[in-house]
Amino acid sequence: MSLNIRLATKKDMPEVLNLIKELATFEKEPFVVEVTVGELQEDGFGNSPEFICFVAEMNEKVQGMALAYKRYSTWKGKVLHLEDLIVKRESRGRQIGTKLLDEIVKYAFKIGVKRISWEVLEWNQPAIELYNKKGAKIKEDWRVVHLDEQGIKNYISKIQNESI
């Protein structure tokens, strides 16, 4: 078993999208993925990349990925958000997730961020155990807040109607 962690390329985006869809299925939301290969390629490898992505290869086949992007914290300054860390189901238990997390932490250190943030579902016990083992603090009292595309449109509509 030869494991190689490397920066993703445009050519990896079809496999990255497959991993994203596998994660959505694992998280019991198989039909919510809207992003396309073209969007991943443009957003990650265009003139102003929106994210960085590392892939894990075994025998020259992508088995996992970690995708992150820079943010800014009013408390800390520069921070990194780990959007997803995904390992194919059949490849779990081989330290691939750990190696991908290691690469994200090394990258964060290199660019000088003061924190790495991410979310984990409360029932994803293997991930929680990994993160605890690595020294991450899971903020049990915080809630993730999302305003989806339709919610944004509804919000804008209400603002526009109120200003009339």
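Buried means under 20% relative accessible area, exposed means over 50%, and partly exposed lies in between, with a 1.4 Å probe and protein chains only. With that in mind, select Phe54 and then Tyr107, both of which are buried.

Before going further, note that this is a predicted model, in which local features need pLDDT of at least 70 and side-chain atom pairs count only at pLDDT 80 or more, while totals for chains, interfaces and linings use all residues. Residues are numbered from 1 along each chain as its sequence is written, and side-chain values use heavy atoms, with hydrogens and water left out.

**The sheet**

Colour the model by secondary structure, where helices (H or I, at least four residues) and strands (E, at least two) are DSSP runs numbered from the N terminus. Five strands form an open sheet in the order S1-S2-S3-S4-S5, with mixed pairing; two strands pair if DSSP finds at least two bridges between them. At the edges are strand S1 (3-7) and strand S5 (116-117), each of which pairs on one side only. Now select S1 together with strand S2 (residues 52-58): the two run antiparallel and are joined by five bridges, and Arg6 stands opposite Val55 in S2.

**Helix H3 and the cores**

Next, select helix H3 (residues 96-111), which lies across S1, S2, strand S3 (61-73), strand S4 (77-87) and S5, and runs at about 165° to S4. That angle is taken between N-to-C directions, from 0 to 180 degrees, and the axes are lines fitted to C-alpha atoms, for helices over the stretch in contact.

A nonpolar core is a set of buried Ala, Val, Leu, Ile, Met, Phe, Trp, Tyr and Cys residues joined through side-chain atoms within 4.5 Å. The largest one has 20 residues, of which Leu80, Leu82, Leu85, Leu100 and Ile104 touch the most other members. Two or more residues come from each of S2, S3, S4, H3 and helix H4 (125-133), and H3 gives the most, with six residues. A second, separate core of 15 residues includes Ile20, Val62, Met65 and Leu67.

Centre the view on Leu82, whose contacts beyond four places in sequence include Ala66, Leu101, Ile104 and Ser117. Ser117 is found in strand S5 and is buried, with a relative accessible area of 17%; not counting residues up to four places away in sequence, Ser117 touches Arg71, Leu80, His81 and Leu82.

**The aromatic rings**

Rings of Phe, Tyr and Trp (its six-membered ring) pair if their centres lie within 6.5 Å; planes under 30 degrees apart count as stacked, over 60 as edge-to-face and the rest as tilted. A search of the whole structure finds four such pairs. Select Phe26 and Trp123, a tilted pair at 5.3 Å centre to centre with 55° between the planes; Phe26 is in helix H1 (residues 13-26) and Trp123 in the loop between S5 and H4, 97 residues apart. Phe26 is partly exposed at 22% relative accessible area, and Trp123 is partly exposed at 38%.

Return to Phe54 and Tyr107, whose ring centres are 6.1 Å apart with planes at 65°, so the pair is edge-to-face. Because Phe54 lies in strand S2 and Tyr107 in helix H3, this pair ties together parts 53 residues apart in sequence.

Finally, show Lys28, whose charged end sits over the ring of Trp123, 3.9 Å from its centre, and Arg92, which lies over the face of Phe26 at 5.0 Å from the ring centre. A charge sits over a ring if NZ of Lys or CZ of Arg is within 6 Å of the ring centre and within 35 degrees of the ring normal.

Key: Contact means heavy atoms within 4.5 Å.
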